[in-house]
Each structure stands twice: as structure tokens, then as C-alpha cells.
Amino acid sequence: MTVVLPFPIARRQAFIRKQADHSTCLNPDAAERYLSYQVQVQREAMRRRGVAEDLIAHELRCMEAAIRRELQRVSLSTGAV
């Protein structure tokens, strides 16, 4: 079965910003747990839709990288570290 992802998760800007914004409100350990939880939620959603495991892994790496880039951008713009 071929599954086409018309909107790669890393390009869902509102979703990425929401995850990064929420993470900025948490301490670093909680933010890491939150990010891990969000990755797991997305993994399960893609599995239920029949997406191949290698594609899931790729999409989740891209999603996590996009959230971390957004976190870094927010941190740099607010002066927070």
C-alpha cells in the first residue's frame, strides 16, 4: 500500500510553533519529555494510517528537528537560553 503525505509534518508550521511555544513554558526536562510524548503521539497516528515504518522515522526526525529549530529561534529572539 502506498501512502502519500501531501503535507509533511515538519511543514505544518502552526503545529510546530504550538509545540515549541508550549515547550518554552516548561523547564528543560519537562520540555524534553513533552517533545518525546508528541513524537510518540504522531508515531501512533501514522501507524494507524498505515504509513511505513521507515517513512514514519523520517517524518518524526524532521518534525523533531523543526520543533528544535523553532525553539532555538524563539530563545534567540527573546534572549532566553
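1. "Buried" here means under 20% relative accessible area, "exposed" means over 50%, and "partly exposed" is in between (1.4 Å probe, protein chains only). With that in hand, look at helix 3, where Ile56, Glu59, Leu60, Met63, Ala66, Ile67, Glu70, Leu71 and Val74 are buried. Helices are DSSP runs (H or I, at least four residues), numbered from the N terminus.

2. A word on where this comes from: this is a predicted model, in which local features need pLDDT of at least 70 and side-chain atom pairs count only at pLDDT 80 or more, while totals for chains, interfaces and linings use all residues. Residues are numbered from 1 along each chain as its sequence is written, and side-chain values use heavy atoms, with hydrogens and water left out.

3. Back to helix 3, which covers residues 53-78, 26 residues in total. From first C-alpha to last, helix 3 reaches 37 Å, close to the 38 Å expected at 1.5 Å a residue (the expected span is 1.5 Å times one less than the number of residues). What do the buried residues of helix 3 pack against? They pack against helix 1 (13-24) and helix 2 (28-48). An α-helix has 3.6 residues a turn, so residues three or four places apart point the same way.

4. Have a look at leucine 35 in helix 2. Leucine 35 counts as buried because its relative accessible area is 4%. Leaving aside neighbours within four places in sequence, leucine 35 is in contact (heavy atoms within 4.5 Å) with Glu64, Ile67 and Arg68. Its C-alpha is 8.7 Å from that of alanine 20, 15 residues apart along the chain.

5. Serine 23 sits in helix 1, and serine 23 is buried too, at 4% relative accessible area. Not counting residues up to four places away in sequence, serine 23 touches Ala31, Tyr34 and Leu71.

6. How many disulfides are there? The count is zero, where a disulfide is a pair of cysteine sulfur atoms within 2.5 Å. Cysteine 25 is exposed because its relative accessibility is 65%, while cysteine 62, at 27%, is partly exposed.

Terms used
Helices (H or I, at least four residues) and strands (E, at least two) are DSSP runs, numbered from the N terminus.
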